[in-house]
Amino acid sequence: MAISPGSDAAFSSQKSSLSESPRTKKYPLTEEEIFYMNCRAAYLTVFKSSLENIISKDQLYLALQHAGRNPSQKTIDKYWTPQTAKLNFDDFCMILRKEKPTSKAELLKSFKQLDVNDDGSILHTDLYKLLTKKGEKMTREEVNAVINLADVNADGKFDYIKFCKLYVTTNEQCLKTTLEKLEVDSKRRRQQFGSHIEGFPERDPSPVPKPSPRIIRKTDQETFSNKGDSRSSLLATSRKLKISVSFTITMEANSNRNSKLTEPNSVKVFGWTGELGPGIYWLIPSTTGCRLKKEIKPITEEAQLVCRDETGELFLTNEFRSTLSDIFEIIDLDGNGLLSLEEYNFFELRTSGEKCDEDAWAVCRENFDTKKNELTRQGFMDLNLMEANDREGDPRDLWVTLLSMGYNKALELTEACPFVIDIYADKCKPRIKAVHMEPCSGQLEKAICKSVLNKGDAKVMDGYENIIVHTHKCDTWITSVIENKSDNKVIIHINNELSKNCINNRGLNIFAVEVAPKSTMVCQHVMPLDERQEWIYNCVYSLIS
């Protein structure tokens with residue numbers, strides 16, 4: 001499911017600087033545009049190009065830090081599993097949508113629990129014990145690096161109020177500096193997934209498509225004649241774009257559909273009927289990612305997960321227990337009211353990126369309520385209570401689990417859609433089994449590519465017979481796939497500016513993709529903004545030399 005950005009504390013301060021652009025004074029940037037611009041700003045702090053890949057945990061950690069996140073090792077392991085070889089810019093954006101930034105208020109709340117004197121400071125001795133003995137342990141050198149920060153340490157105490165202010169200010173300044181570089185360097189903006197300032201079409205109410213502002217006319221050249229570096233950068237980039245192939249598809253309006261996609265209020269059934277030969281088939285539920293977005297509303301109060309009774313013992317709140325019960329129902333794949341090791345591992349892989357082995361499962365069975373060697377609902381509750389006790393009531397790890405399952409801080413399921421699959425057959429008894437899909441493994445991408453190559457229309461890029469664009473038109477969406485048969489990677493520039501009444505899953509009208517040698521990749525999914533009106537898909541694919 002594609003999730004639209006919500007309130008992003010680390011990025012919110014950048015809105016004012018963006019609004020100074022002549023374009024944004026007239027046409028303010030949308031939340032989606034701001035989100036992608038800041039994603040790219042953070043990414044380019046670590047990499048020279050947003051077409052480069054993240055190839056290590058350290059790079060992922062650094063990039064997330066520059067994006068205002070403060071990821072724990074558990075968070076990093078969730079997205080960088082033993083099977084992960086690389087992550088691209090799109091993967092990075094997906095992670096930022098799920099991992100909300102650490103706010104100043106959250107930092108202060110965490111430190112305040114250790115402030116025994118309530119004076120805004122923590123003794124170095126207490127800080128050392130906390131950072132080296134509990135949770136994700138730091139080394140002596142790492143703790144000394146914190147203690148030696150002159151601005152936030154004095155008289156054997158760590159001033160956490162100053163530290164939180166310094167942390168937030170540093171993040172904001174880092175993003176502001178990178179955004180300013182993006183604003184000045186038009187060449188970089190045009191190549192790194194398009195410019196949000198220049199690349200998005202102006203919100204003109206006129207339905208007539210306008211010529212692309214990137215097409216340089218004679219009068220434009222005269223205007224740029226005295227612009228120095230700006231002109232040379234723009235023209236140099238234009239020379240590198242070789243217009244090779246374009247698609248124009250006109251789709252009729254669908255009067256039977258609502259103009260807006262709404263969340264279902266009740267169970268909806270979707271089905272397929274057909275004839276299948278003997279064999280194994282994969283059913284992969286998915287969406288295009290164009291319009292299915294969570295409802296954006298502010299969370300006024302964070303739900304409480306654990307409390308202490310009169311004796312000081314921790315217990316799970318009723319609200320949290322209810323949510324855990326719902327999660328239990330979701331991961332109980334066979335519906336027998338118990339969790340097998342296989343079912344529990346689907347949950348573990350989704351929330352932590354790791355599996356529970358047989359030895360650990362044996363320990364689990366010894367310490368928690370089980371039946372027939374499977375974990376009961378009460379045992380699942382007690383397992384989460386143990387995790388809370390291990391962190392002395394700190395709910396951060398519990399929140400990692402909940403956010404991974406699609407819940408927000410109000411314990412509302414806003415970023416996931418549980419579903420049930422039933423199979424019926426006339427002449428046999430089919431068996432169905434859940435299979436884990438590794439994050440960013442490409443299994444869904446491969447399935448989509450295969451389908452589009454089999455069903456879609458193919459166009460070879462002019463002069464480049466090894467580069468083929470496949471486009472498949474369905475009733476309600478269009479998918480394009482790029483096939484690179486050559487021995488070298490290629491970078492393709494995609495321009496959707498002349499499309500009408502369209503939205504794509506990338507959230508950008510102009511962007512670039514890198515296609516590895518001897519490979520295929522999904523370029524974009526496109527859907528109508530308003531299905532009651534005609535929509536025109538007009539896309540130009542250009543090879544960047």
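**Strands, cores and salt bridges in a predicted model**

Q: Which residue stands opposite Val 526 in β15?
A: In this predicted model, Asn 504 stands opposite Val 526 in strand β15.

Q: How do you know that β13 and β15 pair, and in which sense?
A: Two strands count as paired when at least two bridges are found between them, and β13 (residues 502–504) and β15 share three bridges, in the antiparallel sense. Strand β11 (residues 478–484) also pairs with β15 in the antiparallel sense, over seven bridges, and in that pairing Ile 482 has Met 521 of β15 as its bridge partner.

Q: Why is strand β15 called largely enclosed by the rest of the structure?
A: The cut-off for a buried residue is under 20% relative accessible area, and eight of the ten residues of β15 (residues 519–528) are buried, so the strand is largely enclosed by the rest of the structure.

Q: What makes Asn 501 count as buried, and what is its phi?
A: Its relative accessibility is 15%, and because buried means under 20%, Asn 501 counts as buried. Asn 501 lies in the loop between β12 (490–495) and β13, and it has a positive phi of about 60 degrees although it is not a glycine.

Q: Why is Glu 392 called exposed?
A: Exposed means over 50% relative accessible area, and Glu 392 has 51%, so it is exposed. Glu 392 is placed in the loop between α18 (377–390) and α19 (396–404), and it too is not a glycine, yet has a positive phi, of about 55 degrees.

Q: Which residues have the most contacts inside the largest nonpolar core?
A: The largest nonpolar core has 29 residues, and those with the most contacts inside it are Leu 305, Ile 327, Tyr 344, Leu 375, Phe 380 and Leu 402. The largest share of this core, five residues, comes from α15. Leaving aside its neighbours within four places in sequence, Ile 327 is in contact with Phe 347, Phe 380, Leu 402, Met 405 and Tyr 407.

Q: How do you know that Glu 387 and Lys 74 meet in a salt bridge?
A: A salt bridge requires a side-chain nitrogen of Lys or Arg within 4 Å of a carboxyl oxygen of Asp or Glu, and the N to O distance for Glu 387 and Lys 74 is 3.2 Å, so the pair meets this criterion. The pair links distant parts of the chain, with Glu 387 in helix α18 and Lys 74 in helix α6 (residues 73–79), 313 residues apart.

Q: Why does the pair of Lys 409 and Glu 302 tie together separate parts of the sequence?
A: The side chains of Lys 409 and Glu 302 meet in a salt bridge at 3.6 Å, N to O. Lys 409 lies in the loop between α19 and α20 (443–455) and Glu 302 in the loop between β4 and β5, so the pair ties together parts that are 107 residues apart in sequence.

Conventions. Residues are numbered from 1 along each chain as its sequence is written. This is a predicted model: local features need pLDDT of at least 70, side-chain atom pairs count only at pLDDT 80 or more; totals for chains, interfaces and linings use all residues. Side-chain values use heavy atoms; hydrogens and water are left out. Buried means under 20% relative accessible area, exposed over 50%, partly exposed in between (1.4 Å probe, protein chains only). Helices (H or I, at least four residues) and strands (E, at least two) are DSSP runs, numbered from the N terminus. A nonpolar core is a set of buried Ala, Val, Leu, Ile, Met, Phe, Trp, Tyr and Cys residues joined through side-chain atoms within 4.5 Å. Contact means heavy atoms within 4.5 Å.
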